[in-house]
Amino acid sequence: MPLSAEVLFARAAGRLSRLAGTGGGTTVPGKLLWKLDPGAVDRLAARLPQGSALISATNGKTTTSAMVARILSPSLRLAHNRAGANLVSGVASALLSASGAELGLFEVDEAALPEVARRLRPRALCLGNLFRDQLDRYGELELVAERWRAAVVDLPVDAQLVVNGDDPQVGDLNATRPRIVFGVDDPRHSSEELPHAADSKWCVRCGTPYAYAAVYIGHLGDYRCPACGHTRPPLDLSAREIQLNGLESVSFSLETPEGARRVELAVPGLYNVYNALAAASLARALGFRLDEVVAGLEGFSAAFGRFERIALGDRTLLVLLIKNPAGANEVVRTLVAAGAPKLLLVALNDELADGRDVSWIWDVDFEPLLGGLERLVATGERAAELALRFKYAGLPSESIDVVPELDAALDHGLELTAAGSELVALATYTAMLALRDLVARRGFVRPYWEEAAA
Amino acid sequence: MSRIVVGHLFPDYLNIYADRGNIAVFARRAAWRRHELEVRPLGLGDEIRPGEHDLYYIGGGQDREQALIAPALEAFGEPLRAAIDGGAALLAVCGGYQLLGRFYRDRSGDELPGAGLFPLHTVAGERRMIGDVLLECELDPGLRRTLAGFENHAGRTFLDEGAKPLGRVLAGFGNDGESGYEGCRAGRALGTYLHGPLLPRNPWLADWLLAQAIAHRTGKPPTFEPLPDEFEAAAHDVSAARAYARGGRY
């Protein structure tokens, strides 16, 4: 079949998937094209006049790429997998659904990165961070790091590499090639110590524990090995004078070779400062000016399911995605900084996309929430396990309601929420999708495939 | 009321599958029975003095971290054995279980010596064995109980002739995916691949280990009042159902 016929056929399949009500159809066309002709993805990508840019990280891929899209979209038509379908099939689907696109902007699953990079031959690659995540699916951190090292070596010679210098594993990637390095430079926001489940605590070169001048998130920070001297690389773009404003926003001074600019983000938390730095660095690598970068970042509101406020009649639902210890710790930290909620709904599923192994919830530092928490609604397929996590953290059993069915749990949570107030929900990936789906069926939010097409 | 001292081996290095969940269960269940429990980390450069600790715990780590502490753990072999012969109890999970065997042979055929506490050895395999597991154990004669957990290991563990497993696999892979057995029991020392973490879903095992620890401290086994374990039972049952539905498959 010629490429054009394959494309038509695969697109029709996506519409069929939506009509059949089996889901968003965000990966169906790509999966089909993949089956018909794996090389078609390479050829579709090669047609993009401005090439492709890839973003990978354990945490922040979807938000970072949404920020980049915001910066780029006034000037360029994008092919972008914005709903987070980030395997080869998801990238293929985004390529299929964006005819006339000039540049491909793709977030890529950590494990899928080598293959996607090999097929797309990107002109820029942005690597954010590596945390332990879904060990049952990805394997150990070192395995993912090894794959990334190989992917970076195989990049086209003229490709731009953007890395987070605050992550020792990532900051050390291909240190001999010209790179753009970003990081945080504001020790006032340093944590007292490394969190319980910090990953890359030992020097990537010699194995000695790092000495940290500042720890920002997990093992991200300003590190130095006392034995061999391996240290955080010099930062090309950095964030200084960070101002955290609870659950509402964060602002910082974006320091670049072109000068410094104050940036006001409409999303909260230190982790979004990292996302904004990654987005700004990638946009700069693609040739965008500081004005365009700042305008795009300030125009950004929230990425799909990452920090969404949904009005439900006279109450609001705040949905926060949790998927691994490092990401969940930052969500907890941001919630606590804004005044820990009295009521919390937490949804834990164990589907493939969530990770079959739910042990990671025991590595999350939920304890700071206990100061203000009066009632927990535990839901999802592994609701009982979640109840145990909070029980053994010290929350009395009487304060925990186990309601495995998401529908009933949402109703229960909303009943406990006073009119005019907000219900905070933390949810794993498939639970977040299901929660959005529930709310959509009640008519409060658009289904995600319509949003992806918008 | 008595005081229990737990020696936690290499908590900074071996903590990959939420091992602190197991420690939290020891601490809370001891406190709910009005016993005092103190956890003392045992790391590089520390010494084990047999008799000091009533219970030892060792978790799992990533390959890199395990290699960093393996020599120090090997040196702990003798004092650990003396402590357990003297009545202390031990729980080893996943990587810690492997490292307490006689040796671990990696993919290139190199052998990493173990502490030799458990009569077994482990050989790295091609495919990882991942999924929920359900075991049947008989730690006290005539009393059969189940353990539900999650396994994720490439190593195949082979018990020596005559060595006792921790339990029989009802669903899941177990030690090597073939023998039908999981873990190892050497008196009051138990080793297993089951994390999840193990103890929150299986509080009877936490109580069994705490009882051994109190007996070591006071010279007589305690009688525990049962605790309300509804969440624990529900979590066990979900995990057990997962093991039957999808455990033991590549």
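In the predicted model, 56% of the 454 residues of chain A are buried. The secondary structure of this chain amounts to 16 helices and 17 strands. Of the contacts in chain A that join residues at least 6 apart in sequence, 69% link residues at least 24 apart.

The largest nonpolar core comprises 214 residues, and Leu282(A) and Ala425(A) have the most contacts inside it. Helix α10 of chain A, spanning residues 270–285, gives the most to this core, with a contribution of 12 residues. Because residues of the core come from both domain 1 (38–299) and domain 2 (307–453) of chain A, the core lies between these two domains. When neighbours within four places in sequence are set aside, the contacts of Leu282(A) are Ala53(A), Ile55(A), Val68(A), Ala124(A), Cys126(A) and Val162(A).

The contact between the two chains was examined next. Chain A supplies 24 residues to the contact and chain B supplies 27 residues. On the side of chain A that touches chain B, two or more residues are given by each of the elements α7 (135–138), α8 (141–153) and α13 (383–393) of chain A. Among these, α13(A) provides the largest share of that side, namely 6 residues. In terms of residue class, the side of chain A that touches chain B consists of 11 nonpolar, 9 charged and 4 polar residues.

Notes
Residues numbered from 1 in each chain as written. Chains lettered and ligands numbered in written order. Predicted model: local features only at pLDDT ≥ 70, side-chain atom pairs only at ≥ 80, totals over all residues. Core = buried A, V, L, I, M, F, W, Y, C linked by C-beta atoms within 7 Å. Buried ≥ 20, exposed ≤ 12 C-beta atoms within 10 Å, placed from the backbone. Helix = DSSP H or I, 4+ residues; strand = E, 2+ residues; numbered from the N terminus. Domains from an automatic or database assignment. Contact = placed C-beta atoms within 7 Å. Nonpolar A, V, L, I, M, F, W, Y, C, P; charged D, E, K, R; others polar.
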